[in-house]
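Hi,

Here is the structure I promised to pass on. Have a look at it first, and my notes on what turned up follow below.

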Amino acid sequence: MATTPVPPSTNDDAPETTAVGKGRATPTRAEQEAARRRPLVANTKEAKAAARAELNERRNRAQAGMAAGEEKYLPARDKGPQRRWVRDYVDAGWHPAEFVMAVMVLVILASLVPAQLAVAYYAYIAMMAYLLIAIGGMILLGLRVKRKVAEKFGKERMERGLGWYAAMRALQMRFMRLPKPQVKRGQYPA
């Protein structure tokens with residue numbers, strides 16, 4: 001049985017007695033559990049910095065893998081051998097659609113020329129004509145890609161949306177495409 005400590009005497013000439021026991025009350029179970037409780041994930045600055053660094057490293061590795069065309073890092077719309085073949089086919093050629101942005105910038109610059117020269121009007125007409133040529137090229141590219149994929153992989157195994165995929169890739173400027181082009185111009189896939 002635990003003994004309670006003896007209260008100190010108020011009399012100064014009384015002999016000193018030592019306290020029996022540990023000198024404090026035994027903590028309850030709830031107090032002990034509360035003292036032991038700590039978060040499952042360390043909440044220290046070092047742990048947060050390490051987690052942030054690890055996340056950045058994984059993100060950089062995934063971005064580099066996607067740019068390189070590694071299958072496990074690609075989004076679902078770019079996965080598969082048929083999509084890879086279409087990407088290589090589009091990247092191997094020159095397409096009028098990839099220069100649409102440059103033409104639009106030129107039209108904006110031409111619109112800044114004084115109006116009495118009517119340069120802006122003719123630039124706008126030229127841009128509309130170029131857009132028609134680009135759209136026609138995209139339609140023809142989509143049809144050509146579908147035909148060639150059906151020959152290579154079989155008509156019954158051909159994925160849906162390959163013509164649209166090729167047209168949208170051709171619309172992007174070459175240096176902005178993701179995954180990055182894996183072939184040089186003129187190196188059409190077999």
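A quick definition before the pairs: I call it a salt bridge when a side-chain nitrogen of Lys or Arg sits within 4 Å of a carboxyl oxygen of Asp or Glu. Glutamate 57 and arginine 61 qualify, because their N-to-O distance of 2.4 Å falls within that 4 Å limit. Bear in mind that this is a predicted model.

That pair belongs to helix α2, where glutamate 57 and arginine 61 are four residues apart, about one turn of the helix. Both ends are partly exposed: glutamate 57 has a relative accessible area of 40%, and arginine 61 comes in at 39%.

Helix α2 (residues 45-68) also holds arginine 58 and glutamate 54, again four residues apart. Their closest N and O atoms are 2.9 Å apart, which gives another salt bridge. Arginine 58 counts as partly exposed at 41% relative accessibility, and so does glutamate 54 at 38%.

Over in helix α5, glutamate 151 and arginine 147 have that spacing too, four residues or about one turn. Here the closest N and O atoms of the salt bridge are 4.0 Å apart, so check this one by eye against the 4 Å cut-off. How exposed are the two partners, glutamate 151 and arginine 147? Glutamate 151 counts as exposed, at 59% relative accessibility, whereas arginine 147 is partly exposed at 46%.

Across the whole structure the search finds 10 salt bridges. There is also a network of them, linking Asp91, Glu98, Arg169, Arg177 and Arg185. As a general point, side chains of opposite charge can pair when their charged atoms come close.

Now the nonpolar side. The largest nonpolar core has 12 residues, among them Trp85, Val86, Tyr89, Leu141, Phe153, Leu162 and Tyr165. Which elements give two or more residues to this core? They are α3 (81-92), α5 (119-153) and α6 (162-171). In soluble globular proteins, nonpolar side chains tend to be buried together.

Leaving aside residues up to four places away in sequence, tyrosine 165 touches Arg77, Asp78, Arg83, Val86 and Arg87.

Over to you!

Methods
Residues numbered from 1 in each chain as written. Predicted model: local features only at pLDDT ≥ 70, side-chain atom pairs only at ≥ 80, totals over all residues. Heavy atoms only, no water. Core = buried A, V, L, I, M, F, W, Y, C linked by side-chain atoms within 4.5 Å. Buried < 20%, exposed > 50% of the residue type's maximum accessible area, 1.4 Å probe, protein only. Contact = heavy atoms within 4.5 Å.
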